[in-house]
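Student: Could we go through this model together? I would like to take the chain contacts before the local details.

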Amino acid sequence: METNDHIFDLVEKYLAGDMSAQEMSVFEQRRLDETEFDEEVLRHLQARAAIRAVGRKRLKENFEHIYQEKKASATDRRRSRLTGVMIAWRVAAGIVLLLVAGGLLWQLLKPPSPQTLYAEHISFPSIPGVRGTVRSDSLAWEKALRMYERGDYQQSVELLEPFSSIDTFAYRSFASFYQGLAYLHLSQSQEAIARFERVERPGLYTEQVDWYIALAYLQAEDIEGARAALQKIVDQKGHYKTAEAEEMLGEL
Amino acid sequence: MFKPSSTYQDEAIITGIQAGGAMREQWITRLYEKYFRFLYQGKSKHNITEEEAKDAYSDAVIAVSEQIAANKFRGDSKLSTYLYRIFYYKCVDIIRQRPTLRKVELQEAEEFELLEADPLDQVIQEEQLAELETYLDKIGAKCKELLLDWGYWGYNMSEIAERMGFKDNKSAISQKHKCMQKLKTLLSKHMIQSHSGNK
């Protein structure tokens, strides 16, 4: 009697497209000839379809979250600009009426401070794979990531340090990237930059690291550093933050 | 191997998604963010609502990421072009569903040329999906997460063993089979009647 585990492996091979033409032909023929086999295959496929449906739903929920964040951040930016314009008008009217010296006007119309730019553009990604479900508490790695997700950034940077400093650790770049973000949360810009620089280049995080280094310089109010980092983004063809970086360079 | 038309960014996204697990989760998000502007382009180009454009864009990113994960994206065009074309057809589908149908000069077959056929699409009807999803809730949270990690996010069994606190790979694999069996038993009790004609 053929075990369900064997059929399991067979269907997985079929789904992965790893069957040879001959294997495929035998598989299809068995489905036509053997009712029990066919039903087991169908149940397996339906189970896989159910898993995929739930996976897609989760993914759509994640996308919804990103969409809402982007929308909120765009609205905040517009509102903050609008408020700035209104203040400028009021001050201008005040100047005309009271003939106050232009010093005050300069204060209000001067370019946004690095901290303002930072606040307007910063948004933090959540850690993929940490969905607050069943996890082993004993693992320092899992714990470090979970601390980050919970907003305990101090604990998170301490727990991530060994992982971001070991060259051989498979997720070293991943650890360094999130450690950098945690330092940004803690407003420790220099530490953040140091961790971002540990991330392997070129690699999966290159573009994001470029962006967060620029933001770290802004947080540190290092205008020259921020300019250089933003220019580096603009100079790269097709960087995902080119438009924002150009806009920020214009404002700095 | 990537074709010359692919860019470094394409490679990063493709490699990340194909790596599976946490990398896949992160890089699908990255793909969504990278071409987010398409959502607004689609909205104005097709004169659809923002809600509709958002749905179409999410569906397109999911479709593309699944094609990449299954190694079915051949890299004949840039990833952005591929995603935009799929998103375009998703928008067209929305317009087609409207009672006051605007004339859309497109051949439906084109969309199917972009996305390779998937055997899972043939075993289930769209309207049965919600019912199927409830079965996953009935097998317990741990089983559900395990099956999602393995079957959707592509975590390998060592990662799953570590993430879920199993003592080794073997235990994780054994648990995976048990969870699948649980799900299949539930399904067989309520055998979905979409079998005939789908072989």
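Student: To start, how many residues of chain A are in contact with chain B, and how many of chain B with chain A?

Tutor: In this predicted model, 42 residues of chain A are in contact with 52 residues of chain B, where contact is taken as C-beta atoms, placed from the backbone, lying within 7 Å. As the model is predicted, local features need pLDDT of at least 70 and side-chain atom pairs count only at pLDDT 80 or more, whereas totals for chains, interfaces and linings use all residues. Residues are numbered from 1 along each chain as its sequence is written, and chains are lettered from A and ligands numbered from 1 in the order in which they are written.

Student: Which helix gives the largest share of chain A's side?

Tutor: That is H3(A), with 23 residues; H1 (4-15), H2 (21-33) and H3 (35-98) of chain A each supply at least two residues of the side that touches chain B. Helices here are DSSP runs (H or I, at least four residues) and strands are runs of E of at least two, numbered from the N terminus.

Student: And what is that side made of, by class?

Tutor: It has 22 nonpolar, 9 polar and 11 charged residues, with Ala, Val, Leu, Ile, Met, Phe, Trp, Tyr, Cys and Pro counted as nonpolar, Asp, Glu, Lys and Arg as charged, and the others, Gly among them, as polar.

Student: Switching to chain B, what is its secondary structure?

Tutor: Chain B comes to 11 helices and 0 strands, and buried residues make up 39% of its 199 residues. A residue is buried if 20 or more other C-beta atoms lie within 10 Å of its own, exposed if 12 or fewer, and partly exposed in between, with the C-beta atoms placed from the backbone. Among the contacts in chain B between residues at least 6 apart in sequence, 62% join residues at least 24 apart.

Student: How do H4 and H5 of chain B cross?

Tutor: The axes of H4(B), residues 50-69, and H5(B), residues 79-96, come within 8 Å and cross at roughly 135 degrees; axes are lines fitted to C-alpha atoms, for helices over the stretch in contact, and angles run from 0 to 180 degrees between N-to-C directions. That makes the two helices oblique, given that under 35 degrees counts as roughly parallel, over 145 as roughly antiparallel, 65 to 115 as roughly perpendicular and the rest as oblique.

Student: Which residues meet there?

Tutor: Among them are B:Ala56, B:Tyr57 and B:Ala60 of H4(B), and B:Leu83, B:Ile86 and B:Phe87 of H5(B). The residues of this contact divide into 13 nonpolar, no polar and 3 charged.

Student: What about H8 of chain B, which residues are buried?

Tutor: In H8(B), residues 129-138, B:Leu132, B:Tyr135 and B:Leu136 are buried. They cover an arc of only 100 degrees around the axis, so they sit on the same side of H8(B), the arc being that of the directions from the helix axis to the C-beta atoms. On the other side, B:Ala130, B:Thr134, B:Asp137 and B:Lys138 are exposed, and B:Gly140, with a positive phi near 100 degrees, follows the helix.

Student: Which residue of chain B has a positive phi although it is not a glycine?

Tutor: B:Asn47 does, at about 55 degrees, in the loop between H3 (37-46) and H4 of chain B.

Student: Is B:Asn47 buried or exposed?

Tutor: B:Asn47 is exposed, because 11 other C-beta atoms lie within 10 Å.

Notes. Contact = placed C-beta atoms within 7 Å.
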